[in-house]
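Thanks for coming. I will go through a few local features of one model, and you can follow along on the screen.

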Amino acid sequence: MKILSRAKQILKILLTEEEAISVKSLAEKTGVSKRTTQRELGYINSYLKGYGIKYFSKTGVGVWLEGTQEEKNRLLSFLYGEETPDIPNKEERRKRLILEILKEKGLKKLFYYSSQFGVSEATASTDLEAIGEWLSGFGLEIKRKPGSGVYVEGTEENYRKAIGAFINANLDTKLLWEAYENTDEVTKDYNYVKNSGIQGILDENITKKVMECINNIDDKRVETLTENSYMGLVIHISIAIKRIMDNEVIEESSKIEKDIVKDTDYSLASKIAKKLEEDFFIKIPKIEITYIWLHIKGSKHEKIQYGTAQPGMTGGKQLKQLVNEMIDAFDNENAYLLKQDDEFLQGLLAHLQPTIIRLMYGMQIHNPMLGEIQKSYADLYKKCETVSEVIGKSLGKEVPPEETGFLTVHFGAAIVRLEGRKEKLRKVYAGVVCSSGIGISRLMSSKLKKAFQNKMVLSTYGKNDVTPYIISKTDFFISSIPLEIDDVPVLYVNPLLNEKDMEEIRHLFYKYERLPQKHEETSSFQEQLDHINKMAAQIKLLLKYMGFFKVNGAVTFDELLVMAGEEITPYSDRREMIREALQRREEISSQIFAEFGFALLHTRTKGVIRPEFTICVTHDRKPFRNNYFKGIQVAVIMLVPEDENIQTNNEIMGYISSLLIEETDFMEILKNGEKEDIRNMLSMYLKKFFNQYISKI
């Protein structure tokens, strides 16, 4: 049978001792605690089966083995002949050494580590010095006690940070998730997790139980956690439970306790703690609940969590200001356009909220792609280092490279979208095929619509529906069954569309949205007329109902939103919808552009039934006096209804937005002209836009 390394060391000592040895002396020789040694001795008889050797224990005397020398030598030969860990790679050996140190606190002999890895004591000593730098990054220090051994000194809080960081750095959390979710069968991945050695610090049974506990908590904040954040929370709690069960509790912190805001996140942490107490029959200290709360606040959600208190942040305005400063620092030239990218702003804000918590409390985050980001996107990463400096200055904390790496991903995606808008992109036409065109293809189509929304036109077909005409108007097919098609690409996928399938579909989508429309010349004249009529109708509505009103120069932002609603619609419920929509948009990122002298209050809302373009200036045409407006002279309000014309209206409003900064005469007439002057100039520019649109059809 396989004998674990700690039991092997105990057996070697007992087999070479001529007299009884006390458990305390045995513990000192092996470099582990007396309690651990006693636990290992409880299994000793199972290792002696088949050797004619017996184990004895007597209080006040000690422990010893009895048997012939021949039998003892035979067991010793087996112990020394059994494979030592095959870790020839220095880096891998040192990783395993860190794991051994984190598994259990306490004094250990140098001999323990040398025998564990099959190296000399001198090599084990060198390895300990080498890993000291990694441990010091978490406030831990390797100490040597002459004649006794080595141990790690540091707080329990730092000890746990090191454990969490080691798990994140050396084991994919997605793989860990799959291993614990696939409980019906022992998969290859599951074996990998079990054999990785992580189980020494992340107990399998505890982790499964923690997952079950969290999954049974009925709370949207748990349901909206990203996969990595969910797994991070599981790991954090699993480590905490194991440490509590080992009587290792985090020290009280007056600073953290002072910053506690007993908000809804704290209620959730308390609910989780109560369930853990019931499931594990333990008492969760108050400081542990606080750390669960901090971890929840430092987690990323798939949707922005509004209305939760942010320790260290006085409110949304401060966060908004920080976002604006970050964008300005990244690229001042394109800052205006980046601030119009709602997808970017939503994603950045969702990322920034937990980032602030992590930085304020020194919480670690693992970024497995950091090296690749720094290498492949060196220029973007360098620009994001400037962004990190803005955050660091605001919080008085240093921003680690891992966080800068994540910021690079967000800003990089925004730049790609910005460049993409400069390209002529089109809709992609894809066919989804299954045997009947009713069942599986509908399920696949539903998932694809969520992923690509209105950028991809999807049609579902049965195998026999794919005619030459269908092929002629389709860019590519996505099929769960074999098809005999040679003229266009066919992607054969799993009916459930796994991540590999989705990546291949994204690749083809990206390619075709940049290619000319397939058989563009065959587009019917009737279709062209429909598009032109739709565009003409929306432009006509916008010009006919264009709004213009004046306000007192001392008006506040909130008052302006109310007045805008009153100007645009006579219905009180729709006025409130407009006000709320503009307020939500302002909470994401300020729409006040002092550098250009105007505010651009734009959003989609059910509060309007047609595109709305309204101008607001002060009675005396002087700058707004309220500090919130930062001295601007005009507020431009652009609203788009949530209806079937949303794409057409977005094109129109996007064009008008570009006029605000590209055409000085247009901005001048907005600031100083009257309603009809503004309408006439807007008509002139929209006529130009309409002619360009017709030429493209």
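Let me start with helix H3, which covers residues 34-41; its buried residues are Thr 36, Thr 37, Glu 40 and Leu 41. Looking down the axis of H3, you find these buried residues within an arc of 140°, so they line one face of the helix. Please keep in mind that this is a predicted model.

Next, salt bridges. How many salt bridges does a search of the whole structure find? The count is 18. I will pick out some of them.

Take Glu 141 and Lys 143. They form a salt bridge, and their closest N and O atoms are 3.7 Å apart. Glu 141 has a relative accessibility of 43%, so it counts as partly exposed.

Now to Glu 674. One of its partners is Lys 550, with the closest N and O atoms of this salt bridge 3.6 Å apart. As for accessibility, Lys 550 is partly exposed at 31%, and Glu 674 is partly exposed at 38%.

Glu 674 also forms a salt bridge with Arg 621, and here the closest N and O atoms are 3.1 Å apart. Arg 621 belongs to the loop between strand E12 (612-618) and strand E13 (634-641). Is Arg 621 buried or exposed? Its relative accessibility is 15%, so it counts as buried; the cut-off for buried is under 20%.

Elsewhere, salt bridges that share partners join Arg 93, Arg 94 and Asp 127 into one network.

The last stop is Asn 324, in helix H18, which spans residues 316-330. With a relative accessibility of 8%, Asn 324 counts as buried. Which residues is Asn 324 in contact with, leaving aside its neighbours within four places in sequence? They are Lys 339, Ser 589 and Ser 590.

To recap the Glu 674 part: this residue forms a salt bridge with Lys 550 and another with Arg 621. That is what I have for today.

Conventions
Residues numbered from 1 in each chain as written. Predicted model: local features only at pLDDT ≥ 70, side-chain atom pairs only at ≥ 80, totals over all residues. Heavy atoms only, no water. Buried < 20%, exposed > 50% of the residue type's maximum accessible area, 1.4 Å probe, protein only. Helix = DSSP H or I, 4+ residues; strand = E, 2+ residues; numbered from the N terminus. Arc of directions from axis to C-beta. Salt bridge = Lys/Arg side-chain N within 4 Å of Asp/Glu carboxyl O. Contact = heavy atoms within 4.5 Å.
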